[in-house]
Amino acid sequence: MQESTVARIGQALTKPGDDPTDKPIRRRIRQALSCQRCRKHRSKCSRSRPSCDQCIAANVVCEYLDAPGDLSSTALRDRFYGLEDQIQSLLNEFDIIEKLVYDREPMSPTAPPASTAQPPATTTCSVQTDALRSWRIRSEKSGISIETHMHHVEEIYAALIQFALDNEATRSSLLSSTTATSPSSSRFPQAWLTRNNTIYPTVKLSHFTSLLPSSSGLTPPSSGSDMDEDEDPWSKNKLSRDTMVRLMELYPHCLLHGSIPEYLRLLHDALLDRDRVSASPVLQLLLASCVCNMLLHAYCWHSEVFNDSSESTMTMEQCARLSQQYYDRAKDLLSQLYFEEPNVMICHALCNLVLFHIESGNTSLIYMYTGMAVRMAASLDMQDEAAIRHQLSSPSTTTADIMQYTQSVRWFLYFLDTSASHYHNKPYEVHLNNPAFSLTSLHQKQNDYQDTFRILEFDTCQITRDIRRTCFASDAQHVPYNQVERIEQQLETFREKHLKPLLESKSDNVWYTRCFYMHRIRHHGHWILLHQTYLPTPVSVERCSTSAFALVLLFEGWTKSQEPMDCYFRPCIHELKQACEIMEYHVQNNTALKNHALDALARLLNIVFKTPVRDIARTRPFVQHVQHILDANRIDNL
């Protein structure tokens, strides 16, 4: 080993066994077929035994190696592998040193520092460094730099062992005390959270359960749909007029992310006017996209829509097939209109198709349709009124109405892009610094809780994106805790600014109820998303546990406040799943909260079974896994 050994421990350094690809590749050693003399002279060997032709002609002894281990190169190769293993082992030991340096509380002012060893920050730490007296340790941006100035590996190991013995008594809860103080007054110059590589791959940024019994979703037909290309969605009475009217009246109340409020003023009457729809391919596209999305949703969450109509006896398979027909019609119209003059209503229709694939379980197509909508929105001036006035043929439509509608589509597209990008960990398409998507602030009307909901949804998406950039956008094993504290401060500000006023008011409005429960649920879900990958760090365990038990109470309160359950519960299955994962953590690790966690799992499962989609939920692997945990611990959730 060289006289000066420098080991740089970066943020991306993993522990032994975390990544099997880090091990050196040992190549297969082939047995030499030529004799030693021919190999030495690099001449062609006849390989005849016991003596080759070349050795017989030279009248010398011919020698063959019968085992590859006799090769001198084999010994060198084994020595090389041994040195590689020693170096890797030392790097792992240095990783432990770095963790100890970061995980120690400051030493009292009376404690003298080591004479030569330097801690990784300006504040003196309580790490006992006598064993490393001859080492030089300094902090750099990429991590810790260590110069040992030792000649032999045995000396380094002896120093590491003594260092470990001197620092055996470590404090069990470092970060718990760190969070008790503000970032400015924190005694710690730098604290780090270490990623749990077992939990990290399982964490999802978004989750949505398909309404179909099969998780594979709808399968596009190989041939054309039953609806002819020249037909509009009203043709041949695919749906009775009463059912169509009920679906379109339900649409603005069930559309996720706060819906598009201008729909009722601008589009509702136009989409229910058969003559106007027949004369406008854009309206046909928008109507078909609305219906294909709403059919499956209404069948599962609002079955009363089909009462007293010809569809009252429709089965789930028939509903899915009819929804597929409307989707096929919308897809055909989209292929004709997408490359013509851009239109904001086409963007609106694309958003509906994204929701259709979410409801039907085709998550692979979600990102594609979102990208199409974003690209169209970026290629047109969404403030252009002429195209919208022409399609609606309504002289009463004002400029303010059109501007509000285009703004609502922008907001809706931003929400969808955030969710769609999370399903398969794709990059965001909509960025607020892009002039084409410069979202102006909504002017909140007094007691207009739908606008309040959309403002909360916007701030929630921003926090989710920030968490993703901080905790999920890189392969770094360590995240500075001041970055986590920064997001925690955002969450506290969100609670004080938006959630606390909701507790001080009360209303029977459905949008108020959604604000009150759904965004408080999302808020606690953010705490879990921020800390779940850093379990079992004490501060992360505390944050996740507090939020998970709060989620149980919120879900139960929401269930009791509305009968039947609000359909806006469906995206909150993500937070319910998060709470179950934290409870499962306590059960698997047999913590002091195990019994409370088992009770919470049973209560969460009962909440799922109270929804209109209880029969579908019972077929989902996630629900079956939770049920298996309860059965294994003899807990009755009924």
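**A walk through helix α17 and beyond**

Let's start inside helix α17, where the buried residues (under 20% relative accessible area, with a 1.4 Å probe and protein chains only) are Y481, V484, E485, I487, E488, L491, F494, H498, L499 and L502. This is a predicted model, in which local features need pLDDT of at least 70 and side-chain atom pairs count only at pLDDT 80 or more, while totals for chains, interfaces and linings use all residues. Residues are numbered from 1 along each chain as its sequence is written, and side-chain values use heavy atoms, leaving out hydrogens and water.

Helix here means a DSSP run of H or I with at least four residues, and a strand is a run of E with at least two, numbered from the N terminus. How far should α17 reach? Its 23 residues, 481-503, should span 33 Å at 1.5 Å a residue, since the expected span is 1.5 Å times one less than the number of residues. The end C-alpha atoms are 31 Å apart, which agrees. Still, α17 bends by about 35 degrees at E496; that bend is the angle between axes fitted to the seven residues ending there and the seven starting there.

Next, hop over to S547, which sits in helix α19 (residues 538-561). S547 is buried, with a relative accessible area of 4%. Leaving aside residues up to four places away in sequence, S547 touches H524, W527 and I528, where a contact means heavy atoms within 4.5 Å.

Now zoom out. The protein has 23 helices and five strands, and 53% of its 638 residues count as buried. Among contacts with a separation of 6 or more, 73% come from residues 24 or more positions apart.

Definitions and conventions:
Buried means under 20% relative accessible area, exposed over 50%, partly exposed in between (1.4 Å probe, protein chains only).
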